[in-house]
Amino acid sequence: VNRNLTRLSCRKTEEMWFDMMMSYGDLGNFLCGFSLISLILYFVTSSDSGSLVIDCLASNGHPEPPRLQRVIWALIEGLTASALLVAGGRQALTALQAMSIATGLIYTILMCVACLALWRALQVEGGDLDPHGPTFHIDILDPFFTDPFDEVVSKFLSTSKLFLLFIANLFLAPLTVAKTSSRVISPSTFWPVLISLSFFLLMFIFLHILQIVVDGAWALAWVSFIAFGSGVSIVRSRTRNHLNISGHPLEDFCLSLLLYPSVAMQMELSTRPDTMQGEEKMEKVNSAYACSMESLPAMEIRTEI
């Protein structure tokens with residue numbers, strides 16, 4: 001029997017690498033030690049880079065965040081990895097891989113949002129999009145205290161009200177969207193929008209509860225939720241057109257699926273009669289100011305030497 005060959009598939013996962021290194025004869029021991037040092041350096045530098053990125057994000061984009069805060073984030077990362085290894089036991093690597101895939105889905109969504117933001121920035125740079133054009137009264141993430149830290153305290157009460165409205169619209173979003181629809185589309189659309197969206201949202205909840213006794217009901221639940229998000233996105237598209245706000249129907253659909261309470265609040269607050277009247281007054285003031293500036297006679301400035 002030839003003992004010089006080893007079938008790696010028959011070995012444990014953590015032993016395969018060392019078996020391959022030992023196949024290089026006298027260099028095997030050196031390569032095993034060198035590979036261990038390289039792996040340690042790789043994980044340390046990767047953790048350091050990740051800690052720096054998280055620290056910058058946690059500091060509202062500050063280019064030089066506190067080093068102590070960076071160390072804290074590095075320790076949190078290490079403790080999280082250690083907890084996964086301890087909890088996983090022999091399946092530790094499988095747990096780490098599952099964690100990587102789960103977080104990768106979130107980063108995929110964030111990358112799509114970043115691509116959209118880059119496209120908008122290029123449009124502004126090219127002059128195809130006015131950065132000071134019409135916008136919604138609030139942003140999608142305003143209820144989550146996303147302002148810079150020095151502004152969070154001053155806006156705490158108003159942001160807290162938005163957060164409470166967000167919680168309420170987890171269940172009352174159909175009513176909020178129906179109000180917006182009656183303002184921007186037609187008053188006759190109030191009841192059809194309210195009944196249809198309420199039906200799909202209630203079916204989403206009911207079918208998930210029904211999953212306890214009926215296997216596969218969750219699939220119909222998510223079909224109902226997609227239908228609910230589609231209805232909300234249609235109203236948002238019509239609201240954007242009504243307010244002359246730039247955007248895309250696909251963007252409306254994604255936002256309506258991910259953050260439908262914020263979308264409902266955004267539309268309702270932006271189409272209130274008092275908000276619309278305030279914006280019209282501001283437009284009249286701005287236009288009057290521009291006309292007055294244009295009517296002023298040109299002034300010549302002479303410089304005497």
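Tutor: In this predicted model, a residue counts as lining a pocket when it has an atom within 4 Å of one of the grid points that make up the pocket.

Student: What makes up the lining of the second largest pocket, and which residues lie nearest its centre?

Tutor: The lining has 37 residues, and those nearest the centre of the pocket are Val 113, Leu 116, Arg 120, Glu 251 and Leu 255. The space in the second largest pocket comes to about 1300 Å³. By kind, the lining divides into 20 nonpolar, 10 polar and seven charged residues.

Student: Which helices each supply at least two residues of that lining?

Tutor: They are α4 (92-126), α8 (217-243) and α9 (249-258). With 11 residues, α4 gives the most.

Student: How many helices and strands does the chain have?

Tutor: The chain comes to 11 helices and zero strands. Of its 305 residues, 23% count as buried.

Student: Why is Asp 252 with Arg 236 called a salt bridge?

Tutor: The term requires a side-chain nitrogen of Lys or Arg within 4 Å of a carboxyl oxygen of Asp or Glu. The closest N and O atoms of Asp 252 and Arg 236 are 2.4 Å apart, and therefore the pair qualifies. The pair links distant parts of the chain, with Asp 252 in helix α9 and Arg 236 in helix α8, 16 residues apart. Both Asp 252 and Arg 236 are buried.

Student: How do you know that Arg 70 forms a salt bridge with Asp 48, and which parts does the pair tie together?

Tutor: The closest N and O atoms of Arg 70 and Asp 48 are 2.8 Å apart, and the cut-off is 4 Å, so the pair meets the definition.

Student: Why is Arg 70 called partly exposed?

Tutor: Buried means under 20% relative accessible area and exposed means over 50%. Arg 70 has 25%, which lies in between, so the name partly exposed applies. The value for Asp 48 is 37%, and therefore Asp 48 is partly exposed as well.

Student: What makes Glu 268 buried?

Tutor: Glu 268 has a relative accessible area of 11%, which is under 20%, so Glu 268 is buried. Its salt-bridge partner Arg 272, with closest N and O atoms 3.2 Å away, is partly exposed at 31%. Salt bridges that share partners join Arg 183, Glu 268 and Arg 272 into one network. The structure holds seven salt bridges.

Student: Where is Phe 145 found, and why is Phe 145 called partly exposed?

Tutor: Phe 145 is in the loop between α4 and α5 (149-152). Its relative accessibility is 31%, between the 20% and 50% limits, so Phe 145 counts as partly exposed. Phe 145 also has a positive phi, about 55°, although it is not a glycine.

Student: Which elements give two or more residues to the nonpolar patch?

Tutor: The nonpolar surface patch is about 1200 Å², and the residues that make it include Trp 17, Phe 30 and Tyr 42. The elements are α1 (13-22) and α2 (28-58). The largest share, six residues, comes from α2, and Tyr 42 has its place in that helix.

Definitions and conventions. Residues are numbered from 1 along each chain as its sequence is written. This is a predicted model: local features need pLDDT of at least 70, side-chain atom pairs count only at pLDDT 80 or more; totals for chains, interfaces and linings use all residues. Side-chain values use heavy atoms; hydrogens and water are left out. On a 1 Å grid over the protein atoms alone, a cavity is a set of points where a 1.4 Å probe fits but cannot get out, and a pocket is an open set with protein on both sides within 12 Å along at least five of seven lines; lining residues have an atom within 4 Å of a point. Grid points are joined across faces, edges and corners, and a volume is the space filled by probe spheres set on the points. Helices (H or I, at least four residues) and strands (E, at least two) are DSSP runs, numbered from the N terminus. Ala, Val, Leu, Ile, Met, Phe, Trp, Tyr, Cys and Pro count as nonpolar, Asp, Glu, Lys and Arg as charged, and the others, Gly among them, as polar. Patches are made of residues with over 30% relative accessible area and no salt bridge: like charges are joined within 9 Å, nonpolar side chains (Val, Leu, Ile, Met, Phe, Trp, Tyr) within 5 Å. Accessible areas come from the Shrake-Rupley method with a 1.4 Å probe; for residues, only the protein chains shown count as cover. Buried means under 20% relative accessible area, exposed over 50%, partly exposed in between (1.4 Å probe, protein chains only).
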